[in-house]
Amino acid sequence: MSVREIAVVSGKGGAGKTTVTASFALLSGRKIVVDADVDAPDLHIILKPEVLQAHAFKGHKIARINKRLCNECGLCRKLCRFNAINDEFSVDEVMCEGCALCYFACPESAVTMEEKESGFWFVAKSKAGIMVHAKLYPGEENSGKLVTQIRRKAKEIAQEENVSLILIDGPPGIGCPVISSTTGVTDVVLVTEPTLSGFHDLRRVVELLKAFNSRMWLIINRFDINVEKSQEMENWALSSGIEFLGRLPTDPNIPTLQAQCKAPVEEDTLSGEMLKEMWEKLTEEV
Ligand code: SF4
Ligand code: SF4
């Protein structure tokens, strides 16, 4: 069975991406939800997943020195560009970049490269069905690898359960995790706000996404804070081959909904109604 993947992204945080994803997740039928914002996940606040499986994520390797084999010649310390080896010939886990230079250089074969736990990923049952999500430990890198890992798991579950849709809440920005979240997806929904910086970030993320040949859709959130800029962005999107999914107004219900950990579609709200229309349009067209 072919699986469609829809990723929701924004050029920067705080544009309303998670609200949109949570709403779409609650509106859609059978699907797997992925929270690919592994550095700062927040989809769980609305979807309240109950963990079914937890797995450690080993993002990269670090060096370890076997004191019984080490003759303290100091070569590894001299070579390490990251000052990760101290006077006692122990490796600082935070400083070590895993380049393995010490491993290859050690004349006593006292160095081993060992996988380091960098976070966790989970399969869970949420308000919107099966959800795959993750958390990277603070300061850890390799979020792109973790995103790839949870997308792979979501696909596996989709195949096993005959589910034809995967909905991905992508990370903000244009870095490596965004690429990992959007590579190969069928559709990308871009969520933005009508501000100068919002427009700038939107153009940057679209430039990046052009390489992937996914169908792109635009939602302008809080369009009423600058109606002219909204129109300008809408015109730009249409002339850039991006399909326009709709505008969301500033919704006074949002702070209350956030405090209750709810999405707009869970209550009788104007933005909830509009999100329903957008989801219908997206799925009709998809
Ligand atoms: S290079 Fe090998 S033997 Fe020399 S100090 Fe480092 S770990 Fe010890
Ligand atoms: S693996 Fe590289 S960064 Fe880590 S201690 Fe060895 S030389 Fe330094």
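The questions and answers below go through a predicted model and the cut-offs behind its descriptions. Residues are numbered from 1 along each chain as its sequence is written, and chains are lettered from A and ligands numbered from 1 in the order in which they are written. Because the model is predicted, local features need pLDDT of at least 70 and side-chain atom pairs count only at pLDDT 80 or more, while totals for chains, interfaces and linings use all residues.

Q: How do you know what confidence the predictor has in the protein chain?
A: The scale is pLDDT, the predictor's confidence in each residue, from 0 to 100. The chain has a mean of 92, and 99% of its residues reach 70 or more. Confidence is lowest in α6, at a mean of 84, and highest in helix α4 (residues 101-105), at 97.

Q: What makes a stretch of the protein chain count as one of its helices or strands?
A: Both are DSSP runs numbered from the N terminus: helices are H or I with at least four residues, and strands are E with at least two. On that basis the protein chain has 10 helices and 9 strands. Its C-alpha trace spans about 70 × 40 × 40 Å along the principal axes.

Q: Why is Phe 122 called buried?
A: A residue is buried if 20 or more other C-beta atoms, placed from the backbone, lie within 10 Å of its own, exposed if 12 or fewer, and partly exposed in between. Phe 122 has 21 such neighbours inside 10 Å, so it counts as buried. This residue is found in strand β4. Across the protein chain, buried residues make up 44% of the 286 residues.

Q: What is Phe 122 in contact with, leaving aside its neighbours within four places in sequence?
A: Two residues are in contact if their C-beta atoms, placed from the backbone, lie within 7 Å. For Phe 122 the partners are Val 51, Gln 53, Ala 54, His 133 and Ala 134. In the protein chain, 76% of the contacts with a separation of 6 or more join residues 24 or more positions apart.

Q: Why is Lys 48 called partly exposed?
A: Lys 48 has 14 other C-beta atoms within 10 Å, so it is partly exposed. It lies in the loop between α2 (43-47) and β3, and its phi is near 45°, a positive value in a residue other than glycine.

Q: Why does Asn 83 count as exposed?
A: Asn 83 counts as exposed because it has 10 C-beta neighbours inside 10 Å. Asn 83 sits in the loop between α3 (75-79) and α4, with a positive phi near 50°.

Q: What makes helix α1 (residues 17-27) largely enclosed by the rest of the structure?
A: In α1, 11 of the 11 residues are buried, so the helix is largely enclosed. Among them are Lys 17, Val 20, Phe 24 and Leu 27.

Q: How do you know how the reach of helix α7 (residues 196-209) compares with the span expected?
A: The expected span is 1.5 Å times one less than the number of residues. Helix α7 has 14 residues and reaches 20 Å from its first C-alpha to its last, close to the 20 Å expected.

Q: Why are the buried residues of α7 said to line one face of the helix?
A: In α7, Gly 198, Asp 201, Leu 202, Val 205, Val 206 and Leu 209 are buried. Seen down the axis, they fall within an arc of 135° (taken from the directions from the helix axis to the C-beta atoms), so they line one face. An α-helix has 3.6 residues a turn, so residues three or four places apart point the same way. On the other side, Leu 196, Ser 197, His 200 and Glu 207 are exposed. The cover over the buried residues of α7 includes β1 (4-10), β7 (187-192) and α8 (227-239).

Q: What makes a residue part of the group that surrounds ligand 1, and which are closest?
A: A residue is near if its C-beta atom, placed from the backbone, lies within 6 Å of the molecule. For ligand 1 there are 13 residues, the closest being Cys 70, Cys 73, Leu 75, Cys 76 and Cys 106. Ligand 2 is surrounded by 14 residues, with Ala 63, Cys 80, Cys 96, Cys 99 and Cys 102 the closest.
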